[in-house]
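Subject: Predicted structure for your review

Dear colleague,

Please find below the structure that I am handing over to you. A summary of the findings follows it.

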Amino acid sequence: MKIRTSTFDIVALTSSLICAVHCAAVPILLSFSSLSSLHFLHNPLIEWTFIGIGVVFVFVSLWPSYRKKHRRARPLLIAAAGFILIAISRLDFGETWETVNTVSGALLVSMAHFINWKMLRHACRHKL
């Protein structure tokens, strides 16, 4: 359980960071006229795929760690705040609104997995 959950946290942290970079970089890249052919990167299917992967990793990594290992809700609350920001970003208040909230939400989800990973490492060291 320890290795699998820790691996899921690292993969989830990485995918959340990739999501944040994607959400921050695509609007900037699309603003350059010579890169306008990259418009396919601003695809809702890609965005919803990242959101879906994020939710799966919360249930595969954060929830079992909370229930079976450290019993601290902090990573779950941070991840929930991140997903709330991502959901709020879907409201159509403009490109800047979407970018800021989506990137902030993805960074919060990454931070939740990092904190969970640190808590698991700390819990394992104290069991030795």
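A charge is taken to sit over a ring if NZ of Lys or CZ of Arg is within 6 Å of the ring centre and within 35 degrees of the ring normal. On that criterion, the charged end of arginine 90 is placed over the ring of tryptophan 48, at 6.0 Å from the centre. Arginine 71 likewise lies over the face of tyrosine 66, 5.4 Å from the ring centre.

The model is a predicted one, in which local features need pLDDT of at least 70 and side-chain atom pairs count only at pLDDT 80 or more, while totals for chains, interfaces and linings use all residues. Residues are numbered from 1 along each chain as its sequence is written, and side-chain values use heavy atoms, with hydrogens and water left out.

Confidence is given as pLDDT (the predictor's confidence in each residue, from 0 to 100). The protein chain has a mean pLDDT of 78, with 75% of its residues at 70 or more. Helices are DSSP runs (H or I, at least four residues), numbered from the N terminus.

Aromatic pairs were searched for in the whole structure, and 3 were found. Rings of Phe, Tyr and Trp (its six-membered ring) pair if their centres lie within 6.5 Å; planes under 30 degrees apart count as stacked, over 60 as edge-to-face and the rest as tilted. The pair of tryptophan 63 and tyrosine 66 is tilted, because the planes stand at 35 degrees, with the centres 5.5 Å apart. Both residues belong to helix H2 (residues 44-70), 3 residues apart, or about one turn of the helix. Phenylalanine 93 and tryptophan 97 make an edge-to-face pair, with 5.1 Å between centres and 85 degrees between planes.

For accessibility, buried means under 20% relative accessible area, exposed over 50% and partly exposed in between (1.4 Å probe, protein chains only). Phenylalanine 93 is exposed at 60%, whereas tryptophan 97 is partly exposed at 32%. Tryptophan 63 is also partly exposed, at 36%.

Finally, a cavity is a set of points on a 1 Å grid over the protein atoms alone where a 1.4 Å probe fits but cannot get out; lining residues have an atom within 4 Å of a point. The largest cavity has a volume of about 80 Å³. Its lining includes Ser15, Phe50, Phe83 and Val109.

Yours sincerely

Notes: Helix = DSSP H or I, 4+ residues; strand = E, 2+ residues; numbered from the N terminus. 1 Å grid on protein atoms, 1.4 Å probe; cavity = no way out; pocket = protein on both sides within 12 Å on 5 of 7 lines; lining within 4 Å. Points joined across faces, edges and corners; volume = space filled by probe spheres on them.
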